[in-house]
Amino acid sequence: MHIKTPNKPVSRRVLLFTLGGAELVALVSQFSNALFGYFKPRIQPGSFGGKVVAGKPLEFKKGTVSHVQEGHFYVSRLADGGYLALWQRCTHLGCTVPWRKDLNQFVCPCHSSIFNPQGEVVGGPAPRAMDMFPIELTAGQLVVDTGNPIARERFDPAQVFHT
Ligand code: FES
């Protein structure tokens, strides 16, 4: 059977083959879009895994530790005025380590590792200092790159960021 067109006849086989090919192209396109979406990083700007604005430098008083929840880190402003961005994750088994202002220390609730404001281990089973993140000053704000944690054995003054 042939379907008549004004110019030339198209056989049913050719028509079905053409329609089937178009459907196949659409299906492959949908599949590749879904696959790309699945593997695409889901890091939102300003959230953990990306660059997070911590605040203006003078918002952090000397000798204080401030939690930046969306970035999963603490800004520890040391007595000399320098800054450290410390990942809140315990280096023992990964529990979240709260800051204890009353003790001037981080105390892990899981197995009682203790870290000082520089993130150094001062007690418990943690094998090394808290990991830190790079800090930069952008448009007058401290910006912390939470996509690049830095593992360290201990505190070193060269790790401190100064504006
Ligand atoms: S996970 Fe923090 S001390 Fe074990």
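On the scale used here, buried means under 20% relative accessible area and exposed means over 50%, with partly exposed in between, for a 1.4 Å probe and protein chains only. Before going on: this is a predicted model, in which local features need pLDDT of at least 70 and side-chain atom pairs count only at pLDDT 80 or more, while totals for chains, interfaces and linings use all residues. Residues are numbered from 1 along each chain as its sequence is written, and side-chain values use heavy atoms, with hydrogens and water left out.

Now the aromatic rings. A pair of aromatic rings is described by the distance of the centres and the angle of the planes. Rings of Phe, Tyr and Trp (for Trp, the six-membered ring) pair if their centres lie within 6.5 Å; planes under 30 degrees apart are stacked, over 60 edge-to-face, and the rest tilted. How many aromatic pairs does this rule give? The count is 7 aromatic pairs. One of them joins Phe 48 and Phe 133: the ring centres are 6.4 Å apart and the planes are at 70°, so this pair is edge-to-face. The pair links distant parts of the chain, 85 residues apart, with Phe 48 in the loop between helix H1 (12–39) and strand S3 (51–55) and Phe 133 in strand S11. Helices (H or I, at least four residues) and strands (E, at least two) are DSSP runs, numbered from the N terminus.

Is Phe 133 buried or exposed? Phe 133 counts as buried, at 1% relative accessibility. Another pair is Tyr 74 with Phe 106, where the centres are 4.8 Å apart and the planes at 65°, so this one is edge-to-face. Tyr 74 sits in strand S5 (residues 73–77) and Phe 106 in strand S8, 32 residues apart. Tyr 74 and Phe 106 are buried.

There is also an aromatic cluster, formed by Phe 48, Phe 73, Trp 87 and Phe 133. Over the face of Trp 87 lies Arg 89, at 4.4 Å from the ring centre. The rule for that is NZ of Lys or CZ of Arg within 6 Å of the ring centre and within 35 degrees of the ring normal.

Arg 89 brings us to Asp 131. Asp 131 lies in the loop between S10 and strand S11 (132–133), and is buried at a relative accessible area of 4%. Its side chain makes a polar contact of 3.4 Å with the side chain of Arg 89 and one of 2.4 Å with that of Arg 128. A polar contact is a pair of N or O atoms within 3.5 Å; within protein, one must be able to donate a hydrogen and the other to accept it, and residues adjacent in sequence count only if both atoms are side-chain atoms. Leaving out residues up to four places away in sequence, Asp 131 touches several residues, among them Trp 87, Thr 91 and Ile 150. Contact here means heavy atoms within 4.5 Å.

Next, the strands. Two strands pair if DSSP finds at least two bridges between them. Strand S4 (residues 64–68) runs antiparallel to S5, joined by 5 bridges. Within this pairing, His 67 stands opposite Tyr 74 in S5. S4 and S5 form a hairpin with 4 residues between them, and His 72 in the turn has a positive phi of about 60°.

A further sheet is open, with 4 strands in the order S7-S8-S9-S10 and antiparallel pairing. S7 and S10 are at the edges with a single partner strand each, so one side of each has no neighbour in the sheet. S7 and S8 pair over 2 bridges, and Arg 100 stands opposite Gln 105 in S8.

In the loop between strand S9 (114–115) and strand S10 (121–123) we find Asn 116. Asn 116 counts as buried, at 15% relative accessibility. The Asn 116 side chain reaches the backbone nitrogen of Gln 118 at 2.9 Å.

Last, the cysteines. A disulfide is a covalent bond between the sulfur atoms of two cysteines; the cut-off used is sulfur atoms within 2.5 Å. That gives 1 disulfide, between Cys 95 and Cys 110, with the sulfur atoms 1.9 Å apart. The torsion about its S-S bond is about -100°, so the disulfide is left-handed. Cys 95 is in the loop between strand S6 (83–87) and strand S7 (99–100), and Cys 110 in the loop between strand S8 (105–107) and S9, so the pair ties together parts 15 residues apart in sequence. Cys 110 is partly exposed, at 35%, whereas Cys 90 is buried at 2% and Cys 108 is buried at 3%.
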